[in-house]
Amino acid sequence: MTVSARKRILVTGGAGYIGSNTTLQLLDAGYDVVVVDNLSRGHREAVDPARLRVVNLLDTEGLVRVMSEAPVDAVIHFAAYIAVGESMKVPELYFHNNVAGSLSLFTAMIRTGIKKLVFSSTAAVYGMPERVPILETEPYAPVNAYGESKVMVEKMLQWFDQIHGLRSICLRYFNAAGADPAGRVGESHEPETHLIPLLFRAVRTGVPVTLFGDDYATPDGTCIRDYVHVTDLASAHILAVEALSAGRPSAGYNAGTGRGFSVKEVLQAVEEVVGCAVPHSIGPRREGDPPLLVANSDRLQQDLAWVPRYSDITTIVKTGWAWELRKN
Ligand SMILES: NC(=O)c1ccc[n+]([C@@H]2O[C@H](COP(=O)([O-])OP(=O)(O)OC[C@H]3O[C@@H](n4cnc5c(N)ncnc54)[C@H](O)[C@@H]3O)[C@@H](O)[C@H]2O)c1
């Protein structure tokens, strides 16, 4: 992918995991990038300092100033709080940061005339779906405040399109995993709630990781999830920006692989890559965990010509482990 005119993309949350990976891929593809992040959960060192603007999404005037520095072609909006468990303890934090923060961003976009947006949505908008693999036609049915905050933003976007002509593509990611194959950036959440980095941590520290439940109605009793490599997610965002530039109407797409892996299968894949056993114990189920979440992403593949290239479990684990060793 190359860009003839050097289009400027504003990336919110670009100091975070998926945002920093996407920023690098945008730069590799020839885009100009400016990152807005308040560093509340991100990492300063993940962004070129010349591109970073430390601004809170809730600061509409601050966003307008960044958008006025140079013409922005499109916004990719990653910035949000992402911990499901935390959202069920302090939902106000999630509605404030994720919903009011997004509203502030869209307000700034309208004021500066930016009409294209790619939004980080999530499989959590579907809750406990009855039909798996999940299609985009599955109704919104979130079972936690985090998922509800994403539904609210998706719905706001429908009104902003109808009323202001702000077109958007919502990418509903399943489980983002892995790290930049060139080793530049990777996953570093604090607290970490994602399975693969928790397995790596157990290997490094020797402190057993707790796996939540092995009595689900799945072949080995553990939950099954659809892992998609962060580099493939990044390329989906670039394709989404290109599709909006070509005039594609607003849409929501699932971003997954259609292949699920159980917790035990992921554990085994990690053990094969790191070459030793992962210390772990089996705990009780975590409330609100659906047994099976797998995407049907045919629509993303057909409409945007998205081809996941790195999302096999071995590449995911190998790139993630290389990053884990580098980071520590
Ligand atoms: N990681 C996953 O598996 C996954 C799955 C589905 C959806 N998502 C979505 O993808 C997006 C990125 O996820 P991630 O894993 O990279 O998260 P992350 O926590 O690594 O990155 C989020 C970034 O947003 C910034 N941020 C948060 N609130 C902000 C605010 N008010 N103003 C400015 N910056 C703010 C943080 O500092 C951080 O750098 C999120 O919107 C998340 O909901 C992630």
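Predicted model: local features only at pLDDT ≥ 70, side-chain atom pairs only at ≥ 80, totals over all residues.
Biologist: What makes Pro49 count as exposed?

Modeller: Pro49 has 7 C-beta neighbours inside 10 Å, and the cut-off for exposed is 12 or fewer, so Pro49 counts as exposed. Pro49 is found in the loop between strand S2 (32-36) and strand S3 (52-53).

Biologist: Why is helix H7 called largely enclosed by the rest of the structure?

Modeller: Of the 16 residues of H7, 14 are buried, so the helix is largely enclosed.

Biologist: How do you know that the span of H7 agrees with its number of residues?

Modeller: At 1.5 Å a residue, the 16 residues of H7 (residues 230-245) should span 22 Å, and the end C-alpha atoms are 23 Å apart, which agrees. H7 is followed by Gly247, which has a positive phi, near 100°.

Biologist: Why are H4 and H5 called roughly parallel?

Modeller: Helix H4 (residues 91-112) and helix H5 (residues 145-164) pack at an angle of about 20°, and their axes are 9 Å apart. Angles under 35 degrees count as roughly parallel, so H4 and H5 are roughly parallel to each other. H4 passes H5 in a right-handed crossing.

Biologist: Which residues make the contact?

Modeller: Among them are Tyr94, Phe95, Leu103 and Phe106 of H4, and Tyr146, Met152, Met156 and Phe160 of H5. By class, the contact has 13 nonpolar, four polar and no charged residues.

Methods. Residues numbered from 1 in each chain as written. Helix = DSSP H or I, 4+ residues; strand = E, 2+ residues; numbered from the N terminus. Expected span 1.5 Å × (residues − 1). Buried ≥ 20, exposed ≤ 12 C-beta atoms within 10 Å, placed from the backbone. Axes fitted to C-alpha atoms, helices over the stretch in contact; angles between N-to-C directions. Parallel < 35°, antiparallel > 145°, perpendicular 65-115°, else oblique. Left-handed = near helix turned anticlockwise from the far one by under 90°. Contact = placed C-beta atoms within 7 Å. Nonpolar A, V, L, I, M, F, W, Y, C, P; charged D, E, K, R; others polar.
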